[in-house]
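I opened the model and kept short notes as I went.

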Amino acid sequence: MIDYKGLPWISYNIFVILSSILGDTTILVASIKYNVFTFNKTMVALMQHLAVCDLITSCMNTIELIVDLTEWGELQELWIFYYVVGEHVHVFSIYSSIFLTAALTTIKLLTIKFPFRARLWTKSKGHLVCAIIWVLSLLNYGLPIMYSEFIDSSRVSLDVTERWNMIILMLLLLVVIFTSGWLIYEACKVVRQRGDRVRWEGLMTVIATAVVFTVTVLPWIVVTIA
């Protein structure tokens, strides 16, 4: 178990929880009720799924922080819930967030590279992509656990699955960083060569999402590996 009792870790978790709840709620209300986003509809669908996923992560972060700061007898039901169900939901939501963020930055890059084809992409296609990503995330997280629990329960097997999951997460994080950098390069090239107007609203929204996500998730990956 990670020791959150140090003040830096408590402060970090409180910052992540509050910023996630505020930001994700704003995105969902703005995109569903008021439909304020004018960029590609497929990206809007991805952002909605990412916001829901991040809200789940924030709830699990809150429960984990409370569990770690209390004793067994104080909140026994909460302890049981977290270690039976909540812990798996927590890690799965983090995995899904990384998959969704990588898809978001990649699709935004494709909209700049292929602007005419991107106009045909709909919100329904975005939800379909997200559904596939949820399934892939579940398989990536669930299959190694099933292998460890039902096929080979040895500690060696568990270590292998943990390393595999961390490798996947790090690769996806690299995809987010790489595509974000490529996005900025392509946008600047379009403006410089053709004089076209780039939709900076959508571009900066994706870049900001990638940066905030990297800052909040990278410490978790580092601590988990360590």
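My entries on the fold, the surface and the aromatic rings follow.

**Ground rules.** I am working with a predicted model, where local features need pLDDT of at least 70, side-chain atom pairs count only at pLDDT 80 or more, and totals for chains, interfaces and linings use all residues. Residues are numbered from 1 along each chain as its sequence is written, and side-chain values use heavy atoms, with hydrogens and water left out.

**Fold.** I looked up the secondary structure and found seven helices and zero strands. The order along the sequence reads α-α-α-α-α-α-α. Helices here are DSSP runs of H or I with at least four residues, strands are E runs of at least two, and numbering starts at the N terminus.

**Contacts.** I took contact as heavy atoms within 4.5 Å. Among contacts with a separation of 6 or more, 78% join residues 24 or more positions apart.

**Surface.** The chain has 226 residues, and 42% of them count as buried. Buried is under 20% relative accessible area, exposed over 50%, partly exposed in between (1.4 Å probe, protein chains only). The chain exposes about 12700 Å², with 72% of that from carbon and sulfur atoms. These areas come from the Shrake-Rupley method with a 1.4 Å probe.

**Rings.** I found two aromatic pairs. In one of them, Phe92 and Trp134 have ring centres 5.9 Å apart and planes at 50°, so the pair is tilted. Phe92 sits in helix α3 (residues 76-113) and Trp134 in helix α5 (residues 123-151), 42 residues apart. Rings of Phe, Tyr and Trp (its six-membered ring) pair if their centres lie within 6.5 Å; planes under 30 degrees apart are stacked, over 60 edge-to-face, the rest tilted. Phe92 is buried, at 18% relative accessibility.
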